[in-house]
Structure formats: C-alpha cells, structure tokens
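Take a look at the model below.

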Amino acid sequence: MNPRATPTAPPAPGPDSLTERYVHAVTRRLPEDQRDDVARELRATVADRADSLHDAGATDDEAERAAVTELGDPDRLAADYRGSAQQLIGPALYPAWARMLRILLLVVVPIVVVVVTVVDLLDGADAGSLIGGAVTTALGVGVQLAFWVTLVYALLDRTLSRAEAEQACGGPWSPDDLPPVRTSRGSVGDLAASLAFYALVAGALVWQQLRPPVDGHPLIDPALWSFWIPVLLVALAGEAAYEVWKWRTGWTRRTALLNLVPTTLFALPLAYLAWSERLLDPDAVAAIQQGWPDFDPGVAHLVVLAVCVVVWVWDVVDGFRRAA
Amino acid sequence: MLAAHVQELRRGTVVVAALGILREPTYGYALLEQLEQAGFRVDGNTLYPLLRRLEKQQLLTSEWNTEESRPRKFYRVAPAGEALLTALLEEWRSLDTSIEKLR
C-alpha cells in the first residue's frame, strides 16, 4: 500500500474549479451507471497528481492546470472509458468504403451529367448554361454521393463486428479478387470502338427526334421521351462509363458481374417496349405503310425484341467467358 | 528513433507490469508512479481506462477506500488476472529464450 501523506494538500476544489469542469466534461457522455464512479476516481487522481506537482514546487493553480492538461482532451478520455471507436470508418471497412465511393463517383456522376446535359440540350439551352449546369450537377451529385456513402459506412462501422464487416465487404479477401496488371488492359482500339458505338446509338436516338426521317415523323414514338428514352440514354452513359472502367481494370469475375447492370438497364426497357409494341411512332408506321402496304409493325417489334435478347445474352455470356 | 522503438516494444508490457504490481491493492495514481519508477512509462489517460477494462474483464477487482480524507479506488488482481499474469510471464520467458537464440 502506498497511502500518500497529504499535510500540504489544498482544500477540496469547488464546483466551478478546473477539476470539476474537467470531470464533468469527461463523465457527461459515459453510461449513467459508470458516471459517478469514474468522476470520483478522476477527482482523486487529478488531486493526487496536483499534490505531487505541488510538492515539486508548482503553485496550486499551476499544479491543477498541469494535472488536467496531462490527462488531455476530455472527449478522447471519455471515448477510452467507453471503449468506443475514435474514427469515422475503421480499417476493417475503409477499403470497401473507398472502393464503393470511387466506383459510384466514376459511374454515377458522368451518367447524371450526360442526362442533365441532354435534357438541357433538348430544352434549347445555350453553351454557357450547358457547361454551368454540367459543373453544378457534377459537384452536387458528387457531394451528395460522398456524404451518404460515408454516412452509411460510418454507421456500419459502429454496428458491425469485425467478422460481419468482412462479410459485408464480400467475404475475406482472396487472391481471386486481384485485378490483372495494367499492361493487360484491353486495347485502346476496342475501347474507342465501344465508346463510338454507344455515342452513335445515343446520337441516333436524339437525331431521329430532331430531324424526323420518315416523312417528317420520328421513328420512335415521341411520347417515350417523357420517361423511356431518358432511361435508355442513362443506360448508354452507364455502358460507356463501364467500358472505361473495364478498360482500366481488365476482365475479372466482378467485371463480368457488373457488366449485367448497364447491359440489362439498356436491353430490358428496349425489349419491354418492343414486346408491348410501343416503340415505333404510329404516324411513322402509317407513313411507311403508304409506300409498303405489307409492312407489319408487329413483325418489326418482334425483330427488335429478338435482336435485343440475342445481343443481351451474347454480351453477358461473352463477359463471363472472358473473365474465366 | 530509438526512443520510439523502445516505447513500441514496451507498450504491451504495461499490462504485465500492472498485474504484477496489483498483487498488492493499489490506487490509480500510485500505480502510475510505481510503473514509472520501474521504467514503464504510461500516461494516465491510457492507464485509468485500461484499469476499468481489466476490471470489466474480471481480471481485477476494486474497492473504495474512504477511510482517508480523499476517497480512492483500490484495484487488486483477481484469480483470473493471476492466471493471465502467469500465462503472460511464461510467454515472456519463451520470447526471451527465442530472442537469445537469434543473437
């Protein structure tokens, strides 16, 4: 035992003393059942340390101040007592958070910017407001994405155990997750060809509306601009963003799996519209039938549907075949 | 640079040293001073929460001593802490043997 003799001890500190303010700052966030006990112990500890500094020649005020300073930031000490996390996102979840944020920023921001720009363009906006709109949109979407993704991962960090966190990141890391080295990237030619193709399809969609090719009628029903054509344009932007990403990382099982998203986003609405025979503009069909009475829009829709399904299946199977 | 590495090496030994000292009931600040005298530098804001954690893990027991003018919380090693100390010391000796073989 080492009971300290304290004949020179200063009187007990008052309710407004540095010690009391410090003890209050530390204990106010502790669970109620620990609060008083920790407070009592801290008071004794600060006083003991102050006594020892006092014996070494410090004044009472200096000694109390130094004793409290040594214990440091009260929020940090309280977190140590609670044993709670002192980081927003710990090492277990950080890689998943960084990956998720990177992918979302690389894919979603360009898509939204393209869609907003196309819509503005159709509204007849001038170049200045187009650029302004694109920049504002990119910043706004980027900040929103970063905020919500970070919030979700910070909450996960506080609720998941380490094993659960690992599971949430797609199981423990395995060598199969390694991307190929950069030198085995797809060729720039392939990338350029894919991008040009998607730009062509998107351009054709917009062009056939702006310069109606069939006797002054657009080929695709203009009513679809209210929802379905923007969806197709978003899907095309997604395909383009995906192509760039795939070119940077090379084919892996994950690339092939992710390939499903933009491909399906494009093929599914198109197939649905063809199946329900809503794709072609009725006025255009009538105009075509004047020169070609046997033209059957049902057959045309069926051809689109078949091509759509075949290309979709081929694209998906090819992705997995290349990844394997 | 040496100081940083020495500190890193000693960090994990604070628990061993504290369990050793706490065979005698001791309160927080006295433990801090004894550790310091024995060459184990540890900050109060590390040691005091650590004592609470060890108590929660039932490696330590505690008791308030209110006989003196300043009430203090005395910690002492519980049977589980005694067993842990024995195991840690054994590990320590085996580490020492392994390190000696490397020299």
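Domain bounds here come from an automatic or database domain assignment. For chain A, that assignment gives three entries: domain 1 (18-82), domain 2 (85-173) and domain 3 (178-324). The centres of domain 1 of chain A and domain 2 of chain A, taken over C-alpha atoms, are separated by 42 Å. Keep in mind that this is a predicted model.

Now turn to the interface. Chain A puts 23 residues in contact with 22 residues of chain B. The size of an interface is often given as the accessible area lost when the parts come together. For chain A and chain B, the buried area is about 2,100 Å². Carbon and sulfur atoms account for 49% of it.

Which elements give two or more residues to the side of chain A that touches chain B? Between chain A and chain B, 12 residue pairs are in polar contact, with both residues at pLDDT 80 or more. The elements in question are α2 (32-55), α3 (60-71) and α4 (74-82) of chain A. Of these, α2(A) supplies the largest share, 11 residues. Sorted by class, the side of chain A that touches chain B holds 9 nonpolar, 5 polar and 9 charged residues.

The rule finds 6 salt bridges across the interface of chain A and chain B. One salt bridge joins D48(A) to R72(B). The closest N and O atoms of D48(A) and R72(B) lie 2.7 Å apart.

Definitions and conventions:
Residues are numbered from 1 along each chain as its sequence is written. Chains are lettered from A and ligands numbered from 1 in the order in which they are written. This is a predicted model: local features need pLDDT of at least 70, side-chain atom pairs count only at pLDDT 80 or more; totals for chains, interfaces and linings use all residues. Side-chain values use heavy atoms; hydrogens and water are left out. Contact means heavy atoms within 4.5 Å. Buried area is the accessible area (1.4 Å probe) that two parts lose on being put together, summed over both. A salt bridge is a side-chain nitrogen of Lys or Arg within 4 Å of a carboxyl oxygen of Asp or Glu. A polar contact is a pair of N or O atoms within 3.5 Å; within protein, one must be able to donate a hydrogen and the other to accept it, and residues adjacent in sequence count only if both atoms are side-chain atoms. Helices (H or I, at least four residues) and strands (E, at least two) are DSSP runs, numbered from the N terminus. Ala, Val, Leu, Ile, Met, Phe, Trp, Tyr, Cys and Pro count as nonpolar, Asp, Glu, Lys and Arg as charged, and the others, Gly among them, as polar.
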